[in-house]
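Each question below asks what stands behind a label. Each answer sets a value against its cut-off and concludes.

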Amino acid sequence: MPAKAPTSLDFQALILCGPGVSFNTFTSAPEEFPKALIPIANRPMIWYPLNWCHRMNITRITLITPSTSHAAITSALSLNPHLTSLPLPRADVLAPPNLSQNTGTAEILRLPEVQSIIVGHFLVLPCDLITDLPGESLLEAWMVHAAGMVGSPAAPGGLGVWIPTKGVEQAVKGEETNFLITAQLPHPTVPSSSDSLQPDLTRVLYSSTTDTLNDITDAKKTFPLRHGLLRKHGKIRMLTTTRDAHIYLFPYWILDFINQNPRLDSLSEDVVGWP
């Protein structure tokens with residue numbers, strides 16, 4: 001019998017609520033006013049990713065935060081009218097004792113407290129996610145790809161989002177960008193809807209920041225590209241004008257992969273596009 005394609009009910013969401021080092025003007029006292037509670041259009045920042053998840057019918061949501069911010073975020077979930085107006089069940093708040101502002105995003109997924117709450121496919125989101133991208137379309141794209149791999153010896157991979165920084169209305173001059181190497185995906189065997197994101201999907205072969213790319217090319221005077229990658233994919237694209245939105249959909253098996261590779265520190269640079 002073919003495996004059942006995952007639905008939104010099979011996904012849970014982890015929202016990473018860091019202390020807001022880059023927002024130190026507003027969050028100099030994260031135990032009282034963490035980044036996740038900074039008001040954006042009169043709503044706490046965390047309201048936006050929470051609402052985004054609920055619109056996808058994802059209700060198993062955990063906010064992961066350093067212990068210094070645990071009390072403030074827990075209180076806001078119970079008292080802030082914008083947060084209490086969100087559909088039930090209310091999001092859980094997890095503050096692993098070994099989580100600090102220097103903990104890498106992949107390392108967070110290795111923390112035993114985090115491992116114990118992940119029971120299936122999951123999303124990893126930032127607390128400052130404000131987007132008009134329909135989350136339902138992302139889920140559909142992942143499900144179509146996963147359903148097309150039923151019977152294949154390979155397991156379905158993850159899905160990430162990168163946004164253009166050139167030729168768009170709200171482009172910010174000098175903003176950080178990512179260096180991506182991509183290849184075409186095979187056409188899905190499962191039909192998708194007319195507004196599907198499927199035509200926009202590509203396989204990520206390598207991901208880093210452009211700062212990392214510059215460091216490599218400065219040190220080596222070139223960018224080393226594996227011949228095996230070219231033999232396998234033939235045609236690849238190199239992009240330097242996109243920015244990682246830090247939206248990731250991961251299958252459950254990725255936890256074993258991260259555990260078996262303890263040197264992986266960052267989801268964006270180390271896990272995504274693993275060679």
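Q: What makes the phi of Asn57, the residue that follows H1, worth a remark?
A: This is a predicted model. In it, the phi of Asn57 is positive, near 65 degrees. Most residues other than glycine have a negative phi.

Q: How do you know whether Trp47 is buried or exposed?
A: Look at the relative accessible area of Trp47, which is 14%. Buried means under 20%. Trp47 is therefore buried.

Q: And Tyr48, buried or exposed?
A: The value for Tyr48 is 16%. The cut-off for buried is under 20%, so Tyr48 is buried.

Q: What makes the rings of Trp47 and Tyr48 a pair, and of which kind?
A: A search of the whole structure finds 8 aromatic pairs. The rings of Trp47 and Tyr48 have their centres 5.0 Å apart, and pairing needs centres within 6.5 Å. Their planes stand at 90 degrees. Over 60 counts as edge-to-face, so that is the name for this pair.

Q: Which aromatic pair involves Tyr206, and how is its geometry classed?
A: Tyr206 pairs with Phe223, at 5.6 Å centre to centre and 70 degrees between the planes. The limits are within 6.5 Å for the centres and over 60 degrees for edge-to-face. The pair is edge-to-face.

Q: What makes this pair a link between distant parts of the chain?
A: Tyr206 and Phe223 are 17 residues apart. Tyr206 belongs to strand S9 (residues 203–209). Phe223 is in the loop between helix H7 (210–220) and helix H8 (227–233).

Q: Why is Tyr206 placed in its accessibility class?
A: Its relative accessibility is 24%. Buried is under 20% and exposed is over 50%. Tyr206 lies in between, so it counts as partly exposed.

Q: How do you know that a charge sits over the ring of Trp47?
A: The charged end of Arg43 is 4.2 Å from the centre of that ring. The distance limit is within 6 Å. Arg43 sits over the ring of Trp47.

Q: What sets Ala41 apart in its backbone?
A: Ala41 is not a glycine, and its phi is positive, near 55 degrees. Ala41 is in the loop between strand S2 (39–40) and strand S3 (43–44). Its relative accessibility is 62%. Exposed means over 50%, so Ala41 is exposed.

Q: What is the phi of Asn42, and where is this residue?
A: The phi of Asn42 is positive, about 70 degrees. Asn42 is also in the loop between S2 and S3. With a relative accessible area of 68%, against a cut-off of over 50%, Asn42 is exposed.

Q: Why is the peptide bond between Leu88 and Pro89 called cis?
A: Its omega is about 0 degrees, and the bond is cis. Most peptide bonds are trans. Pro89 lies in the loop between helix H3 (81–84) and strand S5 (92–94).

Q: How many cavities does a search of the whole structure find, and what lines the largest cavity?
A: The search finds 1 cavity of 30 Å³ or more. The space in the largest cavity is about 100 Å³. Its lining includes Leu50, His54, Leu77, Leu88 and Pro89. H1 and H3 each supply at least two lining residues. By class, the lining holds 9 nonpolar, 2 polar and 1 charged residue.

Q: How do you know whether Leu77 is buried or exposed?
A: Leu77 has 5% relative accessibility. The limit for buried is under 20%, so Leu77 is buried. Leu77 is part of helix H2 (residues 67–79). From Leu77 to Trp47 is 30 residues in sequence and 9.5 Å in space, C-alpha to C-alpha.

Q: What makes the approach of Ser266 to Glu269 a polar contact?
A: The side chain of Ser266 reaches the backbone nitrogen of Glu269 at 3.1 Å. The cut-off is within 3.5 Å. Ser266 is in the loop between helix H9 (254–260) and helix H10 (267–271). At 18% relative accessible area, Ser266 is buried.

Technical notes:
Residues numbered from 1 in each chain as written. Predicted model: local features only at pLDDT ≥ 70, side-chain atom pairs only at ≥ 80, totals over all residues. Heavy atoms only, no water. Phe/Tyr/Trp six-rings, centres within 6.5 Å; stacked < 30°, edge-to-face > 60°. Buried < 20%, exposed > 50% of the residue type's maximum accessible area, 1.4 Å probe, protein only. Helix = DSSP H or I, 4+ residues; strand = E, 2+ residues; numbered from the N terminus. Lys NZ or Arg CZ within 6 Å of the ring centre and 35° of its normal. 1 Å grid on protein atoms, 1.4 Å probe; cavity = no way out; pocket = protein on both sides within 12 Å on 5 of 7 lines; lining within 4 Å. Points joined across faces, edges and corners; volume = space filled by probe spheres on them. Nonpolar A, V, L, I, M, F, W, Y, C, P; charged D, E, K, R; others polar. Polar contact = N/O pair within 3.5 Å; in protein donor to acceptor, adjacent residues only side chain to side chain.
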